[in-house]
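Subject: Structure handover

Hello,

Here is the structure I said I would pass on. Please open it first, then read my notes below with it in view.

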Amino acid sequence: MRKRWSSAEVYHRHNGTEFYFAAASWSPDGTCLLTADSSRTLRLFNTPPHIFANDDNHAIANTEPLEALVMKRADPIYSTSWYPQMNSQDSATCCFVLATRDHPLLLLDAYNGSVRASYTAIADGDVTTAPHSTAFHPFGTHIYGGMDGKIVIFDVNIQGTNPVSYISTTPTRKSNQGQKGLLSSLATSPTHPTLVLAGSYSKSIAIYDTTCNESVALINGLPGTGTTQAEFGVDGNSLVVANRKSNVIQVFDVRNLASGTPLFEMERNIASTNQRVSFSQSGDGRILVSGDEDGNVHVFDLADSGKLLSCTSGVSRETVGGVAVHPYYCASTLTPAAAAALPENAGCLDSSSNEMDTEKNGDTMNVSSPLQYSYWIATCSGQRRKISVYGNYSDSDSDFDDDMTQSKKQHQTGTSAEISMYQIN
């Protein structure tokens, strides 16, 4: 795994404020990276063109942040989701939805940060309540918002307080049936657009069919203290689930959810932190990448029962909380820049074997790898700790207020907020 770009020196302290990056996601066309951090700020980075170069002399040609847009918010950021048909060549499609505490969902322009539309979710008592998770319909026609005990569905073309429908995840608040708790994660199926996968802090996942607004599958009793991320596999036949304070990422077969038994599990070290540590799948469904609380990045082979392909240590001095695999990949024998320019070449088979460069404590060791493609990933890091930011606010995620046990010495040293981009081949 070779570093191609890094902003570590720039973001150690930003404008005198200590903060950490909490999440990152590539735009669907791969031209920019959207990040959210604990200072309630969204940042949009242009993809550095040199990260696709084969020449290692240009691996870190520019350490200045390529910020295209910075958006400061007044309240904690809960979730962001890109418009699935986003294409930088068509400005009308360049937008994403944002959920912040006690505010309506906002559809924001990715060029200038302006509000294109707003969608208000009303909780019991006629109070505006922001969903804690969001997702777009695969065709971009609807927005889903995960709340406490329900999923709210908005038509993208209809603003205001008129959701198209609701999906109740449990019959009543006091009922023991259905999926209880706050919905922390939403995802749609790449092969069945009417299916929505919801993860809950009640340690459960459920699949809902939006044609009838009913649950079609439910798994309770997952490990850890609450589900923080759940996604469909790229082929639509599997579910990938991560839980807070659980070292395992579980993969389930959609066709056999009744058993409640995962096909296989992948391990990373996050058992002692409440911080959300995300994973990301490659566009071909071959690899899964995840960080951990020790500053390492793990690469797993989904095609080989989650076999660990590499573990790169020293990526950060803090928790690597967010990873994002670039949506494009290319055969290892092709020039990556050429493959990026010609997406139709991506995925061409290469029968030759490859060696993966893996950094460990400053040293490089070669690990035998069956990968036939080159992938690019972005990592964002920083550790949740008691910090002081504008507005005298302590943390950006109100769900994890108990994770404030860092020592006074750590508080004085400040956080290490980093964004880096790597190549895997």
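Asp75 has a relative accessible area of 18%, and because buried means under 20%, Asp75 counts as buried. Please keep in mind that the model is a predicted one. Asp75 forms a salt bridge with Arg101, and the closest N and O atoms of the two are 3.8 Å apart. The pair joins distant parts of the chain, 26 residues apart. Asp75 lies in the loop between strand S5 (67-72) and strand S6 (77-82), while Arg101 lies in the loop between strand S7 (95-100) and strand S8 (105-109). Arg101 has a relative accessibility of 24% and is therefore partly exposed.

How many salt bridges does a search of the whole structure find? The search finds 6. Two others are worth looking up in the viewer.

One of them is between Arg43 and Asp37, where the closest N and O atoms are 2.3 Å apart. Are these two residues buried or exposed? Arg43 counts as buried, because its relative accessibility is 2%. Asp37 also has a relative accessible area of 2%, so Asp37 is buried. If you follow the contacts from here, you reach a network of salt bridges that links Asp37, Arg43 and Glu67.

The other is between Asp109 and Arg116, with the closest N and O atoms 2.9 Å apart. Asp109 counts as buried, because its relative accessibility is 10%. Arg116, in contrast, has a relative accessible area of 30% and is therefore partly exposed.

Now to a sheet. Strands of a sheet pair through backbone hydrogen bonds, either parallel or antiparallel.

For a closer look, start with S12 and strand S13 (residues 142-146). These two strands pair in the antiparallel sense over 4 bridges. To find one place where they meet, select Thr134: its bridge partner in S13 is Gly145.

Regards

Notes
Residues are numbered from 1 along each chain as its sequence is written. This is a predicted model: local features need pLDDT of at least 70, side-chain atom pairs count only at pLDDT 80 or more; totals for chains, interfaces and linings use all residues. Side-chain values use heavy atoms; hydrogens and water are left out. Two strands pair if DSSP finds at least two bridges between them. A salt bridge is a side-chain nitrogen of Lys or Arg within 4 Å of a carboxyl oxygen of Asp or Glu. Buried means under 20% relative accessible area, exposed over 50%, partly exposed in between (1.4 Å probe, protein chains only).
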